[in-house]
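My entries follow, in the order I made them.

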Amino acid sequence: MVARLHRRTATGKRLHILRTLTCSKSVQRRSITMDALLYIHKLKLKLEAINRELASLIARKREHLSVMKQLQFPKKEVKVEKAEKGVVVRVTCEKGGDKLVSILQVFEEMGLVVLNARVSSNMYFAMEAIVVAEEEQHALHVKSITEAVIKAIER
């Protein structure tokens, strides 16, 4: 008798928990169980929809990354132009290595001082710098600067 009473109260507690979880308005045991099964079915459908959306987003990300890899960036492009204050050096090439350090070392070896520089390395290495001769006796030869920067990039 006592065991039956404990079982009934435990079942009643479980049914109350199911009612609150599923927002069921029913009072009967069978209706609460059906509402719980319906709730579980709806949750499974939502989970499947979320998984489909996740798979779609992953596929879009892969597609985007493959398109980004296929974009052709210049392998090595060095442009040197005379300007009002010295020479403008524009470098575009693949990322990797210590390209900035080697280019700055070349400038130092040639006796050039960097007045202003912009560097970016998001998808590829890009640099634009304005350089001048350290001493006015050094002549700024566009061809020699171009060759030296290309050698620095190849290192």
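**Helix pair**

I began with the crossing of helix 3 and helix 4, which is right-handed (left-handed if the near helix is turned anticlockwise from the far one by less than a right angle, right-handed if clockwise). Helices (H or I, at least four residues) and strands (E, at least two) are DSSP runs numbered from the N terminus. This is a predicted model: local features need pLDDT of at least 70, side-chain atom pairs count only at pLDDT 80 or more, and totals for chains, interfaces and linings use all residues. Residues are numbered from 1 along each chain as its sequence is written, and side-chain values use heavy atoms, with hydrogens and water left out.

I read an angle of about 145° between helix 3 and helix 4, with their axes 8 Å apart. Axes are lines fitted to C-alpha atoms, for helices over the stretch in contact, and angles run from 0 to 180 degrees between N-to-C directions. Helix 3 makes the contact (heavy atoms within 4.5 Å) through Lys-99, Ser-102, Ile-103, Val-106 and Phe-107. Helix 4 answers with Ile-145, Ala-148, Val-149, Ala-152 and Ile-153. I sorted the residues of this contact into eight nonpolar, one polar and one charged. Here Ala, Val, Leu, Ile, Met, Phe, Trp, Tyr, Cys and Pro count as nonpolar, Asp, Glu, Lys and Arg as charged, and the others, Gly among them, as polar.

**Core**

Next I looked up the largest nonpolar core, which has 20 residues. Such a core is a set of buried Ala, Val, Leu, Ile, Met, Phe, Trp, Tyr and Cys residues joined through side-chain atoms within 4.5 Å. Val-89, Val-91, Ile-103, Phe-107, Ile-145 and Val-149 touch the most other members. Helix 4 gives the most to this core, with five residues. Which residues does Ile-145 touch, not counting those up to four places away in sequence? I listed Val-80, Val-87, Val-89, Phe-107, Met-110, Leu-112 and Leu-140.

**Strands**

Strand 2 and strand 4 pair (at least two DSSP bridges) in the antiparallel sense over seven bridges. Strand 3 (residues 112-120) also runs antiparallel to strand 4, joined by eight bridges. A hairpin of four residues links strand 3 to strand 4.

**Two single residues**

Is Lys-25 buried or exposed? Lys-25 is exposed, at 75% relative accessible area, and lies in the loop between helix 1 (2-22) and helix 2. Met-68, in helix 2 (residues 29-70), counts as partly exposed because its relative accessibility is 24%. Buried means under 20% relative accessible area, exposed over 50%, partly exposed in between (1.4 Å probe, protein chains only).
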